[in-house]
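Keep the structure open beside you as you read.

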Amino acid sequence: MLKPSFFKPLKPGFHSIISFTAIFHKCKSMKQFKEAHTQLIINGLTHSPSSLRPIISFSALDPSGDIEYALLLLLRASTLRTVYLFNTTIRGFSRARRPGSLWSSVLSFVQMGVRNLAPNSFTFTFLFQSCSNCVAFDLGRQFHGMVIKNSFETDVFVRNSIIRFYSVCGKLDDARMAFDESSELDVVSWNSMIDGCIRNGDILEALSLFRKMPERSNISWNSLLGGLVKFGCLDDAYWVFLEMPQRNIVSWVVMISGYAQNGKPKEALALFREMQMLDREPNSAILVSVLSANVIDLAMQVFNTSRERDVSTYTAAISGLAMNGCSKEALHLFDQMKSEGISPDGVSYIAVLCACSHAGWVEKGFHYFASMSDVHGIRPELDHYACMVDLLGRAGLLEKAEKFVASMPIKPDNVIWGALLGACRVYGNAKMGERVGSLLVESDKTHDGRYILLSNIYAESMKGEDAEQVRKTMRRRKIKRVPGCSLIEIDGCLHEFFAGDRSHEKTEEIYLMWEEIVKEIKKIGYREETRAVVFDVEEEEKEAVIGQHSEKLAVALGFLYTTSGSTLQIVKNIRMCNDCHNAIKLVSKVFKRKISIRDRKRFHHFEEGLCSCRDYW
């Protein structure tokens with residue numbers, strides 16, 4: 001029942017639609033909306049358009065809402081629906097960014113037609129947002145055709161969403177055509193086109209457009225600043241930063257993180273201190289950006305000089321320390337936060353559980369998992385359960401991990417099963433891996449990593465035919481494997497490598513350097529780990545395949561063009577394989593070099609033959 005402190009009790013016989021409409025307009029949470037809806041049904045009443053509006057708006061658009069509930073109400077209500085209600089639901093799905101959201105948007109759009117409701121410009125604006133989120137190019141093209149047919153192409157909001165859609169899909173020429181054909185351009189149109197150029201690697205065209213803009217907003221300046229930083233043009237970025245008529249916190253974050261991420265911690269710290277002198281309070285965004293750039297000392301200076309630390313600031317620091325292998329320091333900071341009277345939230349506990357997972361602290365992980373609900377009253381969500389499965393899996397406790405999943409009070413998602421599958425591969429549990437992997441390639445059909453892991457599990461257990469069958473399924477379903485890619489910055493220039501890459505102008509020197517490196521590390525026991533190479537080739541050829549992984553090529557280039565003793569900093573887009581991890585540990589020992597690699601999961605700081613991940617990753 002609704003709390004009498006919030007709603008005045010209804011008089012007997014006064015349970016009318018009008019009274020319930022007033023109640024719905026007072027609701028401030030999904031719990032209150034659902035309770036009011038229940039009472040509406042109990043009293044044999046139906047929604048009016050005016051009572052549907054607040055509940056669908058809240059369910060679809062509020063962060064604490066329930067978008068599926070909004071869709072259910074929209075489709076099942078017997079009252080007359082309006083274009084506004086359908087647009088609100090489509091907008092909610094465009095914000096949701098989760099599996100199935102795009103098709104729920106399309107379903108809502110189709111149901112509009114079934115009810116003879118004509119879409120308006122807002123309908124298409126939200127549909128293009130959904131298509132952009134999922135990079136649904138073919139579907140978006142169809143919507144573009146409908147826009148032209150219904151004469152909405154002159155609407156500036158629709159035009160801007162089309163420009164962004166084509167840019168996100170990598171169709172810069174189509175985006176530019178939509179931009180050039182527009183009879184009315186506003187500052188958002190220009191910003192969208194500049195962002196599209198940056199997104200698709202054309203920084204010079206972005207700069208040209210910026211110079212032609214009739215008026216510029218803070219977003220215009222920050223977008224160009226971010227693009228120049230992204231492409232390593234730090235001198236140009238700093239010039240733009242100085243020319244800005246007004247710098248907001250985003251401007252400072254972009255410029256400071258740009259220096260930090262491009263190996264210039266001194267410049268980053270100097271700019272940070274300048275920001276403080278202007279009485280600009282650093283926020284968690286700066287802390288996260290510096291931590292993600294692998295500049296731990298600078299990040300902790302940012303944290304320690306923050307005058308007002310809230311739960312977000314602490315959580316950013318705890319998460320960054322955990323990712324960088326400083327689990328002990330992360331838990332110490334968590335205790336410090338609590339001692340200062342700051343209550344942790346759900347995100348804080350995710351950071352803490354990740355720290356335990358990266359360090360292999362199973363008992364501590366379960367202690368914090370229990371205290372989350374027992375002490376702070378925080379109900380565990382899927383992300384927390386995923387951390388626990390990852391914790392057990394990394395520690396090799398696969399049976400316990402599977403039992404933990406089976407005991408969950410909520411249905412496990414693909415992330416949780418994926419964590420268990422990864423652990424099966426690491427610890428060679430082919431039986432469980434086959435069971436979990438077969439489930440995942442059906443429930444998460446478009447995720448290339450599921451197929452690769454299952455195929456590798458088969459290959460490593462000498463089931464080559466099964467491994468090839470998984471690859472055939474992948475090809476039949478037209479699932480493209482995301483290629484491994486590594487980046488290394490040398491003298492302000494970014495160098496990109498793929499596995500077996502021979503496009504670099506110094507290719508011959510790079511491969512010769514890696515061969516020399518391998519000769520030296522083999523003297524202290526290095527042997528290529530070729531179990532996961534599924535191709536029907538000789539062992540010598542398998543070693544060549546393993547030896548051409550992108551991070552090894554990046555290391556070789558670093559050895560060629562950096563001074564002895566300097567730290568190599570590399571970024572990789574996917575998880576490091578076992579062989580690369582073992583090889584680079586030995587490289588750091590033999591050559592006395594510090595090597596930091598940020599892969600998809602975490603930072604790996606290699607030094608003296610050891611890694612900060614302690615071989616848990």
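This is a predicted model: local features need pLDDT of at least 70, side-chain atom pairs count only at pLDDT 80 or more; totals for chains, interfaces and linings use all residues.

**The chain as a whole**

Of the 617 residues in the protein chain, 51% count as buried. The chain exposes about 30400 Å², and carbon and sulfur atoms supply 54% of that area. If you take the contacts between residues at least 6 apart in sequence, 61% of them join residues at least 24 apart.

**Inside the cores**

The largest nonpolar core has 82 residues, and those with the most contacts inside it include F124, F128 and F143. Which residues does F143 touch, leaving aside those up to four places away in sequence? They are V106, F109, F124, L127, F128 and C131. Apart from this core lies another one, of 50 residues, with V352, A355, V362 and C387 among them.

**Strand 3 and its partners**

Strand 3 covers residues 568-572. Its covered face holds L568, I570 and K572, while Q569 and V571 are on the uncovered face. Strand 1 (residues 485-490) is joined to strand 3 by three bridges, and the two run antiparallel; here L487 stands opposite V571. Strand 4 (residues 595-598) is joined to strand 3 by four bridges, and this pair runs parallel. Across that pairing, Q569 stands opposite S596. Together with helix 32 (residues 578-590), strands 3 and 4 make a right-handed β-α-β unit.

**Charged pairs**

The count comes to 24 salt bridges. Three of them are set out below.

| Salt bridge | N to O distance |
|---|---|
| E205 and R176 | 2.6 Å |
| K338 and D335 | 3.8 Å |
| E460 and R425 | 2.7 Å |

E460 lies in helix 27 (residues 448-460) and R425 in helix 25 (residues 414-426), so this pair ties together parts that are 35 residues apart in sequence. Are these two residues buried or exposed? Both E460 and R425 are buried. Salt bridges that share partners also join R176, D180 and E205 into one network.

How values were computed:
Residues are numbered from 1 along each chain as its sequence is written. Side-chain values use heavy atoms; hydrogens and water are left out. A nonpolar core is a set of buried Ala, Val, Leu, Ile, Met, Phe, Trp, Tyr and Cys residues joined through side-chain atoms within 4.5 Å. Buried means under 20% relative accessible area, exposed over 50%, partly exposed in between (1.4 Å probe, protein chains only). Contact means heavy atoms within 4.5 Å. Two strands pair if DSSP finds at least two bridges between them. A crossover is right-handed if, with the strands pointing away from the viewer, the path from the first strand over the helix to the second runs clockwise. Accessible areas come from the Shrake-Rupley method with a 1.4 Å probe; for residues, only the protein chains shown count as cover. A salt bridge is a side-chain nitrogen of Lys or Arg within 4 Å of a carboxyl oxygen of Asp or Glu.
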